[in-house]
Amino acid sequence: MEEQAEERRQAQKSLGLRSLPDWYSLLGEIGPTPGQFEVVPAAHAVLERTGLDSALGGVHLEAEPGRAAGFVLDCGPHDIRLSLRESPAPALVFHELGHAVGRALNRDADILRLLPTSTDEAFGEGFELIAEATPEFEAIYGGASGAARRAHRVEGVLENARLVASFNFEMKLWEDQSAPEDLYRNCYSEMDIDVGDETLWPLDSFRSLDPVYVHNYILGRLVGAATLTFLQDHVSREPSPLWGQWLTHNFYADGAKTPLVDKAARLGALDPFLREA
Ligand SMILES: [Zn+2]
């Protein structure tokens, strides 16, 4: 334990931090961040590249100071409201845009417009990954080989690892609620995260909003990664409007009517994993 404490002190010193902050704030310290970018033109450019720009006719996109980080509201087929805080992270913009596009291109009506959370997050996570494969996204980071883009990739790996720790905790807590503090410490200490006062575990935003939700991101990321590979291998190697056509017909148009497991089956590879899960 003493060794770990010393390692933390060294890490803190090398990062030039007065105290080790929480996981989210630490991600921001990894490397250079992208320069300022205009959210609305960037969203248009990525949607145009992937043939989904028609969806923007029904999406009202606003990025303003004082807003919540990212929020999508479905007020009807032609009135999808996407609100972002001022200067959002690029990945967040495209994640939320995925939610908005999925709703805007949903041909279902009434209660079928209410997407299951698994499908909804597969749209968000999936479009985030698809956007990251476009030259327009690379341009925000000053090119594919730039220091900011490299830092973003490292950040992505750590963010995925954080999600997995959170997912493990969520699943174990779902099965057994007798000792949440012990579970919390065990799940997060695997990643050498100092949890501090473990009785504060309910303060994690996901636990307080919806105690069993993080699995949606894990499923969404798996389906999203398989979708990107499928598009590159079977639709067009480089991002193109053909991607949007495939996504609209196979994922977005039949919103809640086709369960995520059957949408994923259209990709082939993921079917056995999801059915076992
Ligand atoms: Zn989301």
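Which hand does the crossing of helix 7 and helix 10 have, left or right? I will come to that pair after some ground rules.

This is a predicted model, in which local features need pLDDT of at least 70, side-chain atom pairs count only at pLDDT 80 or more, and totals for chains, interfaces and linings use all residues. Residues are numbered from 1 along each chain as its sequence is written. Helices are DSSP runs of H or I, at least four residues, numbered from the N terminus.

Now the opening pair. Helix 7 covers residues 147-175 and helix 10 covers residues 214-235. Their axes, lines fitted to C-alpha atoms over the stretch in contact, are 8 Å apart at an angle of about 130°, on a scale from 0 to 180 degrees between N-to-C directions. The two are therefore oblique to each other, oblique being whatever is left after under 35 degrees (roughly parallel), over 145 (roughly antiparallel) and 65 to 115 (roughly perpendicular). The crossing is left-handed, meaning the near helix is turned anticlockwise from the far one by less than a right angle; clockwise would be right-handed.

Next, helix 4, residues 90-104, and helix 5, residues 117-132. Their axes come within 7 Å and cross at roughly 130°. That makes helix 4 oblique to helix 5. Helix 4 passes helix 5 in a right-handed crossing.

Of its 15 residues, 13 are buried, so helix 4 is largely enclosed by the rest of the structure. Buried means 20 or more other C-beta atoms within 10 Å of the residue's own, exposed 12 or fewer, and partly exposed in between, with C-beta atoms placed from the backbone.
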